[in-house]
Amino acid sequence: MTRLKLAGVIGAALAAALHTGCFLRSSRPPQPAAQANPAPDAAAVAAGEKKLDAALLAITRGFLASGGAGAQKAAAEHTVTLEQERAHLQITCASPEVVPAVQKLISEGSGQVEATLENRVYALVPVSLITRLAAADAVWSMTVNRATARPAAR
Amino acid sequence: MTMPAKGNGRLLWAVSVLALALIARGHAVDAQSRDTDLRSLARQVRSLPGPSAVEVRAKAAFSSRSSKIQHSLLQLADEFGARGERGLASKAAELSVPVEGRDVTVKLVATAEDELDALERQVRQAGGRIVADFENTLYAEVPADRLEGFDDSRALFHMSSPGTIRELQQALGRPAPLSEGVGASRVRELHDRGITGKGVKVGIVDFGYRGIKSLISSGRLPQPKGVKAVSAPDFYIEEAVTTRHGTACAEIVHDMAPDAELYLALIGDGRGRAGPQDVVNALQWLADQKVDIISYSGGGQLGRHDGNDAQDRLVDQLTAKGILFVAAAGNEGDSHWRGPAVDRDRDGFIDVLDGNQDTGGVLFAAGGNGIEVIVEWDDWGSNPQLPSATQDIDLQLWTLVNGTFQKVGQSENQQQGVGEPLEFLRGPAQPGQIFAVRLVAKSVSRPINVRVVIDGAAEMLPVNQAGSIGIPATARTALAVGAVEVSKGQLEPYSSHGPTDDNRLKPEVVAPTVVKTMAYRSTQDPDGRFNGTSAAAPHVSGFAALIKQAGARQNVEQLRRTVIAAVRGIGTPVPNNAYGYGHIDGSTIRVGFTGVTLPAPPAAGGGASAAGIGVELPEELGGAVSTRTLERLWEMAVDRGEDPDVRVVVGQREYRVGDGMRIGFRSEVDCYYSLIHRSAEGQFTVIAPAGGESRRLRGGERYALPANDRDTITVTEPIGREALLLVCAPEEIDLADAVGNTRRQNLRLSIAEYSVVR
């Protein structure tokens, strides 16, 4: 009975750890729950940059170099509209299974999930969160969400 | 920055061609002729007559008591104040102003179109009712004692008796004026026989429903069963919405299926743009409402065109839930180029071929104040959910300044095994400004096709329509709709064409466009013409609602196939990637005393087996080879015309289902042959010899199928245009290799077409 309870506790702890996003970095050892979203290291940032389209890369670099003003300038150069230093993004997750973890990462970083479709998340994300998101193993690629749907009228 | 001389020369040559095209279409007029035109107009203006006595009196009719309200309306207010409704009625009759009880029908012109909502609110606050609105003008019924109160309104420019309101009221009082598309689609008889879309739920996803309130209140449109503003605070707050596009779509669905129930979802920024997240949320809401049909007169080009875009997959999921998805094919037929990504002259730029001439880039003249450029290539990787582009192409945008091209923009996404094969640029433009899109072949190591789509181009060079179908009309289960001009019956040049990048036929059907609507009526355009594949799609949505009612037990796939069958074929062959299977046609649906007879749908799916397609052949003659290869052979045959040395013939031009049929063929010289059948649905099958291998054909001798010369082949459904393609070559033909460069020169091709009818 005690063993069963212990197994239950361990199972619950594992589930909680999964929920806190440990598996976002599946290739690394699990982290304690309190450090579920640590700042990504330099290698992860470099790997993450390959996941970004040119506009997002420029915005992120602008932000890292000159803060909000730098991001705003880069965004304007790429005809991207920022809403209070947040950008509309289209995030392709590594699989549909990791979508909840990515959604959690977004909401914990003051972003707002706008829609989800299979392994794709559409979200309004603070510029400051882009690097962290891109460094997550759960994220496959990220692009600016361009509002290109339009009426087929002449 | 100046372009290298070699590229510049090619581009300037192309600019000359483009300029000639523009002049030919009247886009460019030289300064001298423009001056002449203006001078002649000035003379006309000077010779115009002065104001007549009537006009002078009319001017005096505006009272000094109010600068904004017509004198006769103030007289009515005075009469009502003095003698009540009876006095009002008497005076109104004298002045020919419509009055109902204490309410006077008036015309209110707003100071600007964006003040219309404020004016509407004031009318309601005064206890009035909106009858209709066109541009910056409201027609309303306002209590007589509240008329003068509008003098203080900042939103009101002036108020007068309605003038044309009687005509308007008469129009509104009649049964709803029908879109001309109703006639062109031949559904009136169905309406008369009770097939009106009753019990069918149609959802519309659209970018704006401005003016819908007045069309509902006037009875032109029914009250929707459900509305949803996906990204706006409220569906009926029209202040921030400038487009009437959705209102016009709702009108057309209602015209086609007057008893269908409407569910309306509003997406986007109110100015006609929306992100995919809005589309996703709108579609999910409509699915929750359990609609039967979704009509989407929108879309885009930013994504993959092989049916595996995320939105395509969502459409397929909706279909799996039993919802028919009808989508506008798109308007990019005249602003689209697609070709192989090759750099034959090794100048670092992908060759953009106009015939045999490399134009150096895609040239276009801007039509307005903004442009968007999309470059996409077929390099998405094997997993539809994880884009994995490896071929790297960059986009450069150049513009012509004082006869020299200067670079004004670039898009340089890195394609290194992660991410999408896409480049995108958006920017300002002046009408008539010349641009060139150049494609940098940064890392292209295998054969791919690249497409360029320009939004905002008045003219573009080169253009090819093939493959210009928009997303999500690309979805496998979507019913994509092309646009036919309602009065001419011809495909509009902008109507997007198939096939998809995975070589599926699109669009499936065509429907009317440039139709009259109430939503778009204005003083500039009294007919309110609605143009684009946007107008065509809701015709098909309404049409599908009729079929849904008529064949209530049909599942969504049967419904889709029945719509495809309920057409009159256009073009050669049928189906084709411009008109699909043809124009929707209600006369194909028979309504009798014993019930409704729907047209027989084409066979489902494809496959390489001869069974189940138009010609039932002996089993041993069935063969299998890549459909794509066979389609390419067909295209080669069409391009080259018939070879006089080989001939395939069928006995009749038209067969009835159940008829016997024999096929004859011969070649003037010894050769090997393969015979390929193209069904009414566009499916290809190698019918002789079996297995895709060729057989010897002796020169000058006539051969026939079936081979023993006694039996005939039985013609079966589906009905429609079919064809046989005879492929001959001096050596044995490996069909899988037949379209390769080394083989195609040796091929001799002959096509025989025929129709199967019931």
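The contact between the two chains takes 27 residues from chain A and 44 residues from chain B, where two residues are in contact if their C-beta atoms, placed from the backbone, lie within 7 Å. The structure is a predicted model, in which local features need pLDDT of at least 70 and side-chain atom pairs count only at pLDDT 80 or more, while totals for chains, interfaces and linings use all residues. Residues are numbered from 1 along each chain as its sequence is written, and chains are lettered from A and ligands numbered from 1 in the order in which they are written.

On the side of chain B that touches chain A, at least two residues each are supplied by helix H11 (276-288), strand E10 (298-299), helix H12 (310-320), strand E19 (422-428) and helix H13 (533-550) of chain B. Helices (H or I, at least four residues) and strands (E, at least two) are DSSP runs, numbered from the N terminus. The largest share of this side, 5 residues, comes from H11(B). Its residues divide into 14 nonpolar, 24 polar and 6 charged; Ala, Val, Leu, Ile, Met, Phe, Trp, Tyr, Cys and Pro count as nonpolar, Asp, Glu, Lys and Arg as charged, and the others, Gly among them, as polar. Strand E5 (residues 150-151) of chain A and E10(B) pair in the antiparallel sense over 2 bridges, pairing being assigned if DSSP finds at least two bridges between two strands. Here Gly298(B) of E10(B) is the bridge partner of Pro151(A).

Chain A comprises 5 helices and 5 strands, in the order α-α-α-β-α-β-β-α-β-β from the N terminus on. Of its 154 residues, 47% count as buried, that is, 20 or more other C-beta atoms lie within 10 Å of their own C-beta atom, placed from the backbone. Among contacts in chain A between residues at least 6 apart in sequence, 58% join residues at least 24 apart. Strand E2 (residues 112-117) and strand E3 (residues 120-126) of chain A pair in the antiparallel sense over 5 bridges, with Val121(A) of E3(A) as the bridge partner of Thr116(A). The hairpin of E2(A) and E3(A) has 2 residues between the strands, and Glu118(A) in this hairpin takes a positive phi near 50°.

The largest nonpolar core holds 141 residues, of which Val481(B) and Val540(B) touch the most other members. A nonpolar core is a set of buried Ala, Val, Leu, Ile, Met, Phe, Trp, Tyr and Cys residues joined through C-beta atoms within 7 Å. H13(B) gives the most to this core, with 10 residues. Not counting residues up to four places away in sequence, the residues touched by Val481(B) include Val326(B), Pro507(B), Ala536(B) and Val540(B).

The axes of H13(B) and helix H14 (residues 556-565) of chain B come within 10 Å and cross at roughly 115°; axes are lines fitted to C-alpha atoms, for helices over the stretch in contact, and angles run from 0 to 180 degrees between N-to-C directions. Val540(B), Phe543(B), Ala544(B), Ile547(B) and Lys548(B) of H13(B) make the contact with Leu559(B), Thr562(B) and Val563(B) of H14(B). These residues divide into 6 nonpolar, 1 polar and 1 charged.

In chain B, 3 strands form an open antiparallel sheet in the order E30-E33-E37. Strands E30 (646-650) and E37 (702-705) are the edge strands, each pairing on one side only. Strand E33 (residues 663-667) of chain B and E37(B) pair over 4 bridges, and Ala704(B) of E37(B) is the bridge partner of Gly664(B).

How values were computed
A residue is buried if 20 or more other C-beta atoms lie within 10 Å of its own, exposed if 12 or fewer, and partly exposed in between; C-beta atoms are placed from the backbone.
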